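Visitor: I would like to learn how to read a protein model. Could you take me through one, feature by feature?

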Amino acid sequence: MLNTGATVLASGTLIQVDAVDYVIVFIYFGFVIGIGVMASRRVSDSMDFFLSGRSLPAWVTGLAFISANLGAVEIMGMSASGAEFGLPTVHYFWIGAVPAMLFLGIVMMPFYYGSKVRSVPEFMLRRFGPGAHLVNAISFAVAQLLIAGVNLYLLGSIVHALLGWPLPVALVVAAAIVLSYITLGGLRAAIYNEVLQFFVIVAALLPLTLIGLHRVGGWGGLTDKITAAADSGVGPPADQQLNSWPGQDLSGFGSPVLSVIGIVFGLGFVLSFGYWTTNFVEVQRAMASDSIASARKTPVIGAFPKMFVPFITIFPGMIAAVLVSELARVKAGETVPGGSSGDGVTYNDALLLLMRDLLPNGLLGLAIAGLLAAFMAGMAANVSAFNTVFSYDLWQTYVIKDRPDGYYLAVGRYATVAATGAAIFTASLAGNFSNIMDYLQTLFGFFNAPLFATFILGMFWKRMTPTAGWMGLVAGTASAIAVWATNEWGPLNLPGQGAAFLAASTAFVVDIVLSIVVSLVTTPKPPAELAGLVYSETPRDQLVDAEEATYPWYRRTVPLAALALVMVIVLNIMF
């Protein structure tokens, strides 16, 4: 262990820190609160609070777009899956993210931004009416509270590991920090903090990868150690951990063919497109852009750093599985006491334990600040999206209408406080999963997969009716829950994340089939009401920025997207 000398070690801490680490963390917190205070001076109405006045350039919203997702999923979840499954985890990025992000930028953002809606559920209201809108708004709000709880649970775990505070106390303190700057500055504070957090996260995690690879003898040494462990019966076979395809242990399917189908269709199409193209947490960042061209480029710009995130999340997880003795024992099937929660070491502890064993003081403080940044970015994204949907789509639409703008601005701030309190409660649910990705993929299958089915069919088929919109959503969600239940209590028994892939695929198919059947026996909206909402009914000049054609290629959406697609194909071939 490299952490030597005088330390400040509270009873029960997982990581030993000294004064320099605390200084780095407190300096970071100072910047976070300062950004919230500065952003509050620019908040004059609800549009400023919820959508930052639609005034931000593409490079800011692009980095915020990816940073908002650099929360529990990317950091702890992906490192946990890297430790458990190995290289197949890269599918969450190269198959399960980048293609959908490019599709969002090229095809769907013109509809979102051009229609001037304030949220994704509001788009549903205009396309399908109040039935689908209410179902989507409620399900989205619930999902954000659950996912905010994931980020808060892991954020509290870091504080617990750092200071030795009881986890409930750590949860409240961590929530208060996020609450302070979101309540002050709204989305603008969240976005500018997300840009800062992106650079802090990279600066924190990149040294962990480089030092870890050096310690194991480079990539060749890592493969040798994983192979040796697998040959001794620890973990999946080495060839499955060291090759991204066919990824049977990740998908839960024993057949290589079924595994590839499950990953490509379940993860790469249904879960991925369902998440990236309809999740308001991400779309909200693009909606804050200053033009339709910037809105389209936002997810495309985000795709470039996204494809390289595996090297600072998954690779450290793989390194931890062979370098950290406690994690190697967990992978061998043992129960190891301790861990960030105090209830036993799990794969979610991979990064923390690797930091403990590899990083010297100072660099350790930077790494802790990076993890705190990641979890605050994720939770802040969930809370800022929740307060928008609650205020605009639920309270203003169905509870109290036609009040002055300042009233809804106040409602948004109250909703922020309430969401933070609810996240403290839902954080306890996340602690029941040894791999947080299992929990998150289950939630995405419930909420995002049927929503994507409704969106994609309604956007490209003008015959789809409002009745089909809400009925498809309800049936799709119910079918995903049914698949999950049969896997939990029988007769299904899919390991890994196969149940989540199957639930999402089932939800998608059920939603599509039922929506088509219902649409054929119910009345659609008149074509005149579908302009800006359905592809065939929207004039092309409403879908693009006329000035973008004059920009150099590296500032245009389609050439940038083509470059990103080529790069991600190369990465798939290499690994």
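Visitor: Let me start with one residue. Is F65 buried or exposed?

Guide: Here is the general idea. Buried means under 20% relative accessible area, exposed means over 50%, and partly exposed lies in between, with a 1.4 Å probe and protein chains only. F65 has 0% relative accessibility, so F65 counts as buried. A word on the source: this is a predicted model, where local features need pLDDT of at least 70, side-chain atom pairs count only at pLDDT 80 or more, and totals for chains, interfaces and linings use all residues. Residues are numbered from 1 along each chain as its sequence is written, and side-chain values use heavy atoms, with hydrogens and water left out.

Visitor: In which helix does F65 lie, and what does F65 touch?

Guide: Helices (H or I, at least four residues) and strands (E, at least two) are DSSP runs, numbered from the N terminus. F65 belongs to helix α3, residues 58–67. Contact means heavy atoms within 4.5 Å. Leaving out residues up to four places away in sequence, F65 touches M101, L104, W276, E282, V283, R285, T298 and P299. Look at A286 too. A286 and F65 are 221 residues apart along the chain, yet their C-alpha atoms are separated by 7.2 Å.

Visitor: Now the whole chain. How many helices and strands are there?

Guide: The protein chain has 24 helices and zero strands. Of its 575 residues, 61% are buried. Take the contacts between residues at least 6 apart in sequence: 81% of them join residues at least 24 apart.

Visitor: What is a nonpolar core, and which residues have the most contacts inside the largest one?

Guide: In soluble globular proteins, nonpolar side chains tend to be buried together. A nonpolar core is a set of buried Ala, Val, Leu, Ile, Met, Phe, Trp, Tyr and Cys residues joined through side-chain atoms within 4.5 Å. The largest one here has 174 residues, and I75, Y112, M355, L371, F375 and F455 have the most contacts inside it. Helix α19 (residues 363–399) gives the most to this core, with 18 residues. Now pick out F455. Not counting residues up to four places away in sequence, F455 touches M108, Y112, V120, F123, M124 and T278.

Visitor: V120, F123 and M124 are on that list. How many residues of helix α7 are buried?

Guide: Helix α7 spans residues 120–128, and seven of its nine residues are buried. They are V120, P121, E122, F123, M124, R127 and F128. Next comes G129, with a positive phi near 95 degrees.

Visitor: How do α6 and α24 run relative to each other?

Guide: Axes are lines fitted to C-alpha atoms, for helices over the stretch in contact, and angles run from 0 to 180 degrees between N-to-C directions. Under 35 degrees counts as roughly parallel, over 145 as roughly antiparallel, 65 to 115 as roughly perpendicular and the rest as oblique. The axes of α6 (residues 98–114) and α24 (residues 557–574) come within 10 Å and cross at roughly 170 degrees. The two helices are therefore roughly antiparallel. V98, L102, G105 and I106 of α6 meet T557, A561, A564, L565 and V568 of α24.

Visitor: Which kinds of residue make the contact of α6 with α24?

Guide: Ala, Val, Leu, Ile, Met, Phe, Trp, Tyr, Cys and Pro count as nonpolar, Asp, Glu, Lys and Arg as charged, and the others, Gly among them, as polar. This contact has seven nonpolar residues, two polar and no charged.

Visitor: One last case. Where does L327 lie, and what surrounds L327?

Guide: L327 lies in helix α17, residues 325–331. L327 is buried, at 0% relative accessibility. Among the residues that L327 touches are A83, V345 and Y347.
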